[in-house]
Amino acid sequence: MPSLKEIRNRITSVGSTMQITSAMKMVSAAKLKRAQDAITQMRPYSEKLQEILSNLSATLDLSENAFSDTREVKNVLIVGITSNRGLCGGFNNNVIKRVTQLVNEEYKDANPRVLCLGKKIRDSYKRSDAYFINDALAPVEDIFNALNFENTTVIANELMRMFTAKEFDKVVVVYNRFVNAATQDVRTEQYLPIVPTVQEDNSSAGDYIFEPSKLEIVADLIPKSLKIQLFKGLLDSNAAEHGARMTAMHKATDNASELQKNLKLSYNKARQAAITNEILEIVGGAEALNS
């Protein structure tokens, strides 16, 4: 049985840990509000842009568009998005497991390469043959240190360039979609080539007058849509990270509180037993003297 001093030291240690996890929970809760506002404001714009593109592409043949070029898949680029920090439950591991599954199973015959956005997935893949980085993307690899549309545009432009230059035949993005503070959904989305949404009923597209031409508008909308799509994925991942960390730290604080309560109970029992033993020794000594 541990001594009273050991139990006291452990109670102090658990108390310090509980203060840290509680503080991290509060910080993540504050950051979550800003991140959640950012993604909820971005989603309507992204969805409306996709709707406009769908209305336009429903009456156009986009097969000649460079970003719709469907060809034999010989080289695949998988963009994995995780956080820069841990202590957020299974948030990072879920994405890494999904990326590993794509590399080892679904695209194992297509020379898969992994572009890592976030330190956690980079630490997991930097010694792997599948790890991919180039000089253009190196400055923005740790994008979560400065998450903004300008840095996202650098990544999106390079992805589009590599696809049109036929360095990769397919680009896939894996990230955590923010549902709520306690729920994150791992999504695997085909980024390139784009798959136009064909509407069965074109009556909803309306009768528009286009200026400039419809083809020019679509040619301008597709790159913009790809940039917005990637930025939305990064914002989703950022909000999901803070939600996962807040939930994980909340559970850790509750567990530390329960452990501290059990340790105090054990300490009190040990202290009572020590006092009882001392009383028994005193009484036994007095009995011996009297006899």
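A: A cavity is a set of points, on a 1 Å grid over the protein atoms alone, where a 1.4 Å probe fits but cannot get out; lining residues have an atom within 4 Å of a point. Points are joined across faces, edges and corners, and the volume is the space filled by probe spheres set on them. The model is predicted, so local features need pLDDT of at least 70 and side-chain atom pairs pLDDT 80 or more, while totals for chains, interfaces and linings use all residues. Residues are numbered from 1 along each chain as its sequence is written, and side-chain values use heavy atoms, without hydrogens and water.

The count is 1 cavity of 30 Å³ or more. The largest cavity holds about 50 Å³ of space. Its lining consists of Ile81, Val173, Tyr175, Glu189, Tyr191, Gln229, Leu230, Gly233 and Leu234. Two or more of these residues come from each of strand 4, strand 5 and helix 5 (DSSP runs numbered from the N terminus: helices are H or I, at least four residues, and strands E, at least two). Helix 5 gives the most, 4 residues. By class, 6 lining residues are nonpolar, 2 polar and 1 charged; Tyr counts as nonpolar, Glu as charged and Gly as polar.

Tyr191, a lining residue, is also among the residues with the most contacts inside the largest nonpolar core, which has 46 residues. Such a core joins buried Ala, Val, Leu, Ile, Met, Phe, Trp, Tyr and Cys through side-chain atoms within 4.5 Å, buried meaning under 20% relative accessible area with a 1.4 Å probe, protein chains only. Helix 5 gives this core its largest share, 13 residues.

Notes
Buried means under 20% relative accessible area, exposed over 50%, partly exposed in between (1.4 Å probe, protein chains only). On a 1 Å grid over the protein atoms alone, a cavity is a set of points where a 1.4 Å probe fits but cannot get out, and a pocket is an open set with protein on both sides within 12 Å along at least five of seven lines; lining residues have an atom within 4 Å of a point.
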